[in-house]
Amino acid sequence: MKKFILSLLCLSLFIVGCSADKGNSDKNDDQTVISSESFDEDFYPVLAKKTSNPNRENIYLYSGSTYDYKAIGRGLQVLSLDHFDKDSYYMQEGQYLTTSRCKDILLRRFDANTQPYGLNPELGSTVGGISDAIIVDLLSEQNYLKYVGNEYVLGGISVAIVVYPRVSVNGTRQEVNMSKADLLAYAKTAAERLYSYLRGLKGLEEVPVLIGIYQRSTKDDLRSGKYLGEIYSTNSYGNFEEINQEIVVFPTEASKAIDATNDTAFLQLRSALKEFSVEAVGVVGEGYYTGGKLTRLNITINMNAKTYTEAIAMTQYAAMLVDSRFGDGFYIQVKVESQTQLIAIITQPSGGNVSTVFID
């Protein structure tokens, strides 16, 4: 039995400076280094500027849902780990793709001379059998900087191309179904145009560029979207690498088919919680698979506790079940809610101990 760690904490916000080995204080007045030491090992320290991402409003408004704007950014950061060492780089809000620049390059491509970088198809063209489709919906940028001498210098840029096929009907954009093959084929074309555009911006002439292709979820899908592929480029445009991601709801026929072992473990956890609870309890999960392997399992437990003792007992029991029912080859996060309010978070890193934070 793994060791349990139960921390009863009131949530506070701490901003921590860090140095060259994550300990040198930042010498620029408008920047602050925020430590990643309390986070998992796949997070970067963040170099925060007083000036925010110039495209932040559009990223939030056009992501489709909170699920997507977090998945776009988090997924892009995880892809960046393979190219920008987290022990040498600092992550920063994107500073190059301003709202006006995004507006220009998200237009339709009229011709190679007057609008060479337009990321959406020309009027009158057909993609995957769909006429006049609007495919590229949003761009999201992250910058990666290194500390050299007494300053932070740009060492790389990562950009997500968010694809979401639609057509315009009487002035309203409506979703359309497009095959993955057709969507990817067009997204690769858009990525190459974006790369050429970025190379023309001052400061981006030579830095490594990572472009991720993200498929946004549909408006009725409560799950986030997923990354379909990436292109990493240094001196010249790089090769496309497909990413095989799948998001599966637990428990369903899909989770049973793709992962019978963890589907069974989830059903056992849900059954045990229902038997333990005084009132009805809801338990739902979302598994994240890459290359057919489960990398993360998010679970939400909804209960109707009427006393503090009831709430803490249910939380402790849930943590015990997580520890005993599942293997340790993936990350587990459990949100415990009572009367629609978040009361606790249970986590278990891959190969690590179960830890619980109870929110007073």
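**Notebook: surface, confidence and a helix pair**

I looked up the accessible surface of the chain, which comes to about 18,400 Å² (Shrake-Rupley method, 1.4 Å probe). Of this surface, 49% belongs to carbon and sulfur atoms.

I note that this is a predicted model, where local features need pLDDT of at least 70 and side-chain atom pairs count only at pLDDT 80 or more, while totals for chains, interfaces and linings use all residues. Residues are numbered from 1 along each chain as its sequence is written, and side-chain values use heavy atoms, without hydrogens and water.

I checked pLDDT, the predictor's confidence in each residue from 0 to 100. The chain has a mean of 85, and 82% of its residues reach 70 or more. Confidence is lowest in strand E1 (residues 5-9), at a mean of 38, and highest in strand E10 (residues 209-215), at 97. Over residues 1-27 pLDDT stays under 50. Where pLDDT is low, the predicted coordinates should not be read in detail.

I then listed the elements: seven helices and 18 strands, taken as DSSP runs (H or I, at least four residues; E, at least two) and numbered from the N terminus.

Last, I looked at helix H6 (residues 260-276) and helix H7 (residues 308-325), whose axes (lines fitted to C-alpha atoms over the stretch in contact) come within 10 Å and cross at roughly 155° (scale 0 to 180 degrees, between N-to-C directions). That makes H6 roughly antiparallel to H7 (over 145 degrees). The contact (heavy atoms within 4.5 Å) involves residues including Leu269 and Phe276 of H6 and Tyr317 and Arg325 of H7.

Methods. Angles under 35 degrees count as roughly parallel, over 145 as roughly antiparallel, 65 to 115 as roughly perpendicular and the rest as oblique.
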